[in-house]
Amino acid sequence: MRQANKMLSKSIISLMALLFVAIMGVSAPSYGEEKNPKVAWEHIQQGAMVVDVRTPEEFAEGHLKNAINIPFENIAEEFTKRNIAKDQSVVLYCRSGRRSGIAQESLIKLGYSNTYNGGGYQSLANKQ
């Protein structure tokens with residue numbers, strides 16, 4: 001009986017751990033989830049601010065027309081310093097969409113409500 005209770009307890013604990021992992025996977029922020037070049041261009045054509053969050057060196061090698069360069073790790077500080085409106089439409093991009101997703105999450109935490117992760121530079125440039 002004691003052995004059966006131990007096995008039942010281990011099964012319950014394992015099930016609870018699996019449930020926890022599943023819930024965290026659903027509720028955890030997923031960086032760069034959007035990344036649809038067509039939708040990004042719709043935002044840009046409607047006047048969205050375009051922000052390249054790659055390094056200055058990557059930006060110098062090529063970037064979208066009218067894009068400004070703010071490296072992803074400086075995005076929150078720069079948006080605050082530049083006093084950019086919280087409802088400003090913003091499309092962010094990088095090389096693959098990962099850094100732009102991180103930058104987007106930083107802006108959302110600051111209260112920016114109209115951001116879009118455009119994904120990678122090449123994907124956007126090819127859809128232009």
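Accessible areas are those given by the Shrake-Rupley method with a 1.4 Å probe. On this basis, the protein, which is a predicted model, exposes about 8400 Å². Carbon and sulfur atoms supply 55% of that area. Of the 128 residues in the protein, 36% are buried.

The secondary structure consists of six helices and four strands. Read from the N terminus, the order of the elements is α-α-β-α-β-α-β-α-β-α. Contacts between residues at least 6 apart in sequence were also examined, and 69% of them join residues at least 24 apart.

The largest nonpolar core comprises 13 residues. Within this core, the residues with the most contacts are Val-50, Leu-64, Ala-67, Val-91, Tyr-93 and Leu-124. At least two residues of the core come from each of helix H2 (37-45), strand E3 (90-94) and helix H6 (121-127). The most is given by H2, which contributes three residues. When neighbours within four places in sequence are left aside, Ala-67 is in contact with Val-50, Phe-59 and Tyr-93. Another core, of 12 residues, lies apart from the largest one. Its members include Ile-70, Val-90, Leu-92 and Tyr-112.

Two aromatic pairs were found in a search of the whole structure. In the pair formed by Phe-79 and Tyr-112, the ring centres are 5.3 Å apart and the planes stand at 85 degrees, so the arrangement is edge-to-face; the angle for this class is over 60 degrees. Phe-79 belongs to helix H4 (residues 75-81), whereas Tyr-112 is in the loop between helix H5 (98-110) and strand E4 (115-120), so the pair ties together parts that are 33 residues apart in sequence. Phe-79 and Tyr-112 are both buried.

The other pair is made by Tyr-93 and Tyr-121, with ring centres 6.0 Å apart and planes at 25 degrees, and is therefore stacked; planes under 30 degrees apart count as stacked. Because Tyr-93 lies in strand E3 and Tyr-121 in helix H6, this pair ties together parts that are 28 residues apart in sequence. Tyr-93 and Tyr-121 are both buried.

Technical notes:
Residues numbered from 1 in each chain as written. Predicted model: local features only at pLDDT ≥ 70, side-chain atom pairs only at ≥ 80, totals over all residues. Heavy atoms only, no water. Buried < 20%, exposed > 50% of the residue type's maximum accessible area, 1.4 Å probe, protein only. Contact = heavy atoms within 4.5 Å. Core = buried A, V, L, I, M, F, W, Y, C linked by side-chain atoms within 4.5 Å. Phe/Tyr/Trp six-rings, centres within 6.5 Å; stacked < 30°, edge-to-face > 60°.
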